[in-house]
Amino acid sequence: LGIGDGGETVFKNGWPVGLPADERKTREVALAELRESGDAKDLRTGSWEESMVADCRSRLAVVPHSARAVLFYSQHPNGEEDRSSTHGGCPVLSGEKWAANLWVWNGPRGGFPGAPMNPGKEKEMDDGQIKLIFENSGKDPTFAEAKLYFQETFWGDFSHDDPPLSINTYEGHEWNVRRISDNKLLKRVVIKGGKKNQKVVV
């Protein structure tokens, strides 16, 4: 998409890089310019979509482009929320936008030189985490061809001869084993607390 076509990733708490403070636009000014341009004529006046396009044209926004990626952190190094990462996808005004999201969680990794540690946060971040292993023994024909899901999200192959799956999870998490051929639920496991290391064998 080109400039003015919409579809940007906007960070509404940030300002365009290198833009002098006296050149920054308020939402009201950006909204007035948007209406005058006619670029958002298909959006209802006063709608949240129109307001968002005004943010997209006044705040820090990245125009979508083939093979372009936007990388940002949602936390500060001490584990606190980074509110400057609050973002949204701007309405597409012309053309099409195709995109994919990838979330990566990085936390303390004890025992590794240079591991990312958050002083004062280690205990808090590790509190309640359970190391769980799912193992298919290959003995029960019911689980001859199966897959493991976290709730309804695919996690890994879990048929006979597939290797065990090691997981970091928490009390109350729901894991489901489903048959590949018809997606039938074969087993549901709701994690219970108490033990830091648990194992499920079928």
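Visitor: Which residue takes a positive phi just after H1?

Guide: Please keep in mind throughout that this is a predicted model. Helix H1 covers residues 27-37, and the residue with the positive phi, of about 80°, comes just after this helix. That residue is Gly 38.

Visitor: Why do the buried residues of H1 line one face of the helix?

Guide: The buried residues of H1 are Ala 30, Leu 31 and Leu 34, while Glu 28 and Glu 36 are exposed on the other side of the helix. In an α-helix, residues three or four places apart point the same way, because there are 3.6 residues a turn. Seen down the axis of H1, the buried residues line one face because they fall within an arc of 100°.

Visitor: Is Ser 159 buried or exposed?

Guide: Ser 159 lies in the loop between E6 and strand E7 (165-170). Beyond its neighbours within four places in sequence, Ser 159 is in contact with several residues, among them Asn 136, Phe 143 and Ile 180. Since a residue counts as buried under 20% relative accessible area, and the value for Ser 159 is 10%, Ser 159 is buried.

Visitor: Which strands are the edge strands of the open sheet?

Guide: Four strands form this sheet in the order E6-E5-E8-E9, with antiparallel pairing. Strand E8 (residues 174-179) pairs with E9 over five bridges, and Glu 174 stands opposite Val 190 in E9. The strands that pair on one side only, and are thus the edge strands, are E6 (153-157) and E9 (185-190).

Terms used: Residues are numbered from 1 along each chain as its sequence is written. This is a predicted model: local features need pLDDT of at least 70, side-chain atom pairs count only at pLDDT 80 or more; totals for chains, interfaces and linings use all residues. Side-chain values use heavy atoms; hydrogens and water are left out. Two strands pair if DSSP finds at least two bridges between them. Helices (H or I, at least four residues) and strands (E, at least two) are DSSP runs, numbered from the N terminus. Buried means under 20% relative accessible area, exposed over 50%, partly exposed in between (1.4 Å probe, protein chains only). Contact means heavy atoms within 4.5 Å. The arc is that of the directions from the helix axis to the C-beta atoms.
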